[in-house]
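Please look over the sequence and the structure shown here before reading the notes.

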Amino acid sequence: MRVVSLVPSLTEAVAATRRDLLVGATDWCTHPHDLDVVRVGGTKNPDTERIAALAPDLVIANEEENRAPDLAALRATGLRVLVTEVRTVEQAFSELRRVLVEGCGLPGPAWLAEAEDAWRRVAPPTRLVPAVVPIWRRPWMVCGRDTFAGDVLARLGVGNVYAGHAERYARIPIGELNAAGAELVVLPDEPYRFTADDGPQDFPGLPTALVSGRHLTWYGPSMREAPQVIGAALRAAHR
């Protein structure tokens, strides 16, 4: 089996299960750090000719991270392309099984069972703390409706004030963000790298939680630690 992954979190998922299956991955596939495969460009601009030349049995992609024209071009060469959709924690588990078991022909990995157990142990919150979740600045952009990150946070007691927005990733001016009625700001370190010195100062008077973007937005082995890692960051914001 030869696999090309166009999604960083799926690259990590396959590598953690059967690394030798991977023959290609994007430039943004940073985990595992020592992954030695052919790089095929970015998630939004993959080199379709290079991918075809690798003759993979399967290309794995995501409807959010990859562009439909690129996936159509790969299919036009005769390649099998499996496209995932992940907008909730439960959907992440089912799609990971579809990729690994149905797509790659592998047994369900132990790390996936451990991740499911970790989330099963999370107690339902008694209240959702209203929060804004920026993912970019210049311009400011936040998580809107139907996002995996939003579901992760909701399960940990944080309610996205823009969960009902028409767009999944909305451009909102900073003044509106500060007037949205949030009691918390959640700042991940990717895709924009918010830090203690870059981000919190734009939300005066609001506690800010600096969180690991990989644990907030990646669906893969990081889901095992995500409840603990994200939960600790949220608790630290209220100290």
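The model is predicted, so local features are given only at pLDDT of at least 70 and side-chain atom pairs only at pLDDT 80 or more, whereas totals for chains, interfaces and linings use all residues. Residues are numbered from 1 along each chain as its sequence is written, and side-chain values rest on heavy atoms, with hydrogens and water left out. Helices (H or I, at least four residues) and strands (E, at least two) are DSSP runs numbered from the N terminus, and two strands are said to pair if DSSP finds at least two bridges between them.

- Five strands form an open sheet with parallel pairing, in the order β3-β2-β1-β4-β5.
- β3 (38-39) and β5 (81-84) each have a single partner strand and stand at the edges, so one side of each is left without a neighbour in the sheet.
- Strand β4 (residues 58-62) pairs with β5 in the parallel sense over four bridges, and the bridge partner of Asn62 in β5 is Thr84.
- Helix α3 (residues 68-76) packs on this sheet and touches β4 and β5, its direction making about 155 degrees with that of β5; α4 also packs on the sheet, touching β4 and β5, and its direction makes about 165 degrees with that of β5.
- Such angles run from 0 to 180 degrees between N-to-C directions, and axes are lines fitted to C-alpha atoms, for helices over the stretch in contact.

**The pair α4 and α5**

- Helix α4 (residues 89-103) and helix α5 (residues 110-120) pack at an angle of about 170 degrees, with their axes 11 Å apart.
- That angle makes α4 roughly antiparallel to α5, a label used for angles over 145 degrees.
- The contact (heavy atoms within 4.5 Å) involves Val89, Phe93, Leu96, Arg97 and Leu100 of α4, together with Trp111, Leu112, Ala115, Glu116 and Trp119 of α5.

**The three-stranded sheet**

- An open sheet of three strands has antiparallel pairing and the order β7-β8-β10.
- Strand β8 (residues 141-143) pairs with β10 in the antiparallel sense over three bridges, and Cys143 stands opposite Tyr169 in β10.

- Buried means under 20% relative accessible area, with exposed over 50% and partly exposed in between (1.4 Å probe, protein chains only).
- Helix α1 (residues 8-18) is mostly covered, as eight of its eleven residues are buried.
- Strand β11 (residues 184-188) pairs with β12 in the parallel sense over four bridges, and Pro188 stands opposite Val211 in β12.

**Leu177**

- Leu177 lies in helix α7 (residues 174-178) and is buried, with a relative accessible area of 0%.
- Not counting residues up to four places away in sequence, Leu177 touches Val132, Trp140, Val142, Tyr162, Ile172 and Phe203.

How values were computed
Parallel < 35°, antiparallel > 145°, perpendicular 65-115°, else oblique.
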